[in-house]
Amino acid sequence: MGLNSCNSESKIIPNIDLIPFPTKIQSHEGFSNVTALQFYDEDLDEIAKYMPWLETWKFKTVNSKEPNIILAHNASVTYEYELTINSNNIRLNYRDDEGLKNALSTILQLSVLNDNKLPVAHIQDDSKFSYRGMHLDVGRHMFPVSDIKN
């Protein structure tokens with residue numbers, strides 16, 4: 001007769017309940033060590049139009065000679081974007097501006113869902129519709145303006 005022991009360490013499983021859910025997602029165990037988004041100087045020009053939106057993140061966005069997020073614009077990418085979050089960096093291949101915006105939105109959602117940590121994952125996504133949005137029923141539910149702006 002053998003004895004079984006229980007491991008007292010509990011593992012935190014990453015939350016990947018994204019809305020809308022990506023076309024393909026492979027989640028791995030654990031979280032990335034990325035706590036700030038560090039871009040190449042030339043990539044900051046590419047994302048400058050999203051900077052006011054990015055400034056609301058708990059993640060800091062900075063330019064760096066050693067970035068931890070690598071952007072690659074490629075018009076022939078099969079999906080709208082392909083996002084790979086590793087333990088020490090993020091690689092983002094995107095087809096167009098919409099792909100870049102949606103990938104950044106995915107990163108934001110993952111950070112919110114996981115207490116400002118990013119799960120190690122590989123995500124490929126393509127929009128099912130030409131417009132990405134949501135509906136707020138303000139007739140029956142009251143929302144503070146600050147919640148809607150965020």
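Which side chain does glutamate 98 meet in a salt bridge? The partner is lysine 101, at 3.5 Å from N to O. A salt bridge here is a side-chain nitrogen of Lys or Arg within 4 Å of a carboxyl oxygen of Asp or Glu.

This is a predicted model, where local features need pLDDT of at least 70, side-chain atom pairs count only at pLDDT 80 or more, and totals for chains, interfaces and linings use all residues. Residues are numbered from 1 along each chain as its sequence is written, and side-chain values use heavy atoms, with hydrogens and water left out.

**The chain as a whole**

The chain has four helices and seven strands. Both kinds of element are DSSP runs numbered from the N terminus: helices are H or I with at least four residues, strands are E with at least two. Their order from the N terminus is β-β-α-α-β-β-β-β-α-β-α. Of the 150 residues, 35% are buried. Buried means under 20% relative accessible area, exposed means over 50%, and partly exposed lies in between (1.4 Å probe, protein chains only). Contacts are heavy atoms within 4.5 Å. Among contacts with a separation of 6 or more, 62% link residues 24 or more positions apart.

**The sheet and its helix**

Five strands make an open sheet, ordered S1-S7-S5-S6-S4, with mixed pairing. Strands S1 (24-31) and S4 (69-73) each have a single partner strand, so one side of each is left without a neighbour in the sheet. On average, neighbouring strands are turned by 10 degrees against each other, direction ignored. Axes are lines fitted to C-alpha atoms, for helices over the stretch in contact; angles run from 0 to 180 degrees between N-to-C directions.

Two strands pair if DSSP finds at least two bridges between them. S5 (residues 81-85) and S6 (residues 90-94) are joined by five bridges and run antiparallel. In this pair, isoleucine 85 stands opposite isoleucine 90. Helix H3 (residues 97-113) packs on the sheet. H3 touches S4, S5, S6 and S7 (119-125), and its direction makes about 35 degrees with that of S5.

**Salt bridges**

The structure holds two salt bridges.

| Pair | Distance, N to O |
|---|---|
| Arginine 95 and aspartate 126 | 2.6 Å |
| Glutamate 98 and lysine 101 | 3.5 Å |

Arginine 95 lies in the loop between S6 and H3, and aspartate 126 in the loop between S7 and H4, so this pair ties together parts 31 residues apart in sequence. Arginine 95 is partly exposed, at 25% relative accessible area. Aspartate 126 is also partly exposed, at 27%.

Glutamate 98 and lysine 101 both lie in helix H3. They are three residues apart, about one turn of the helix. Glutamate 98 is partly exposed at 31%, and lysine 101 is partly exposed at 29%.

**Backbone details**

Where is the cis peptide bond that has omega near -10 degrees? That bond runs from isoleucine 19 to proline 20. Proline 20 is found in the segment before S1.

The loop between H3 and S7 holds aspartate 115 and asparagine 116. Aspartate 115 has a positive phi of about 50 degrees, although it is not a glycine. Asparagine 116 has a positive phi near 65 degrees, and is likewise a residue other than glycine. Aspartate 115 is exposed at 65% relative accessible area, whereas asparagine 116 is partly exposed at 33%.
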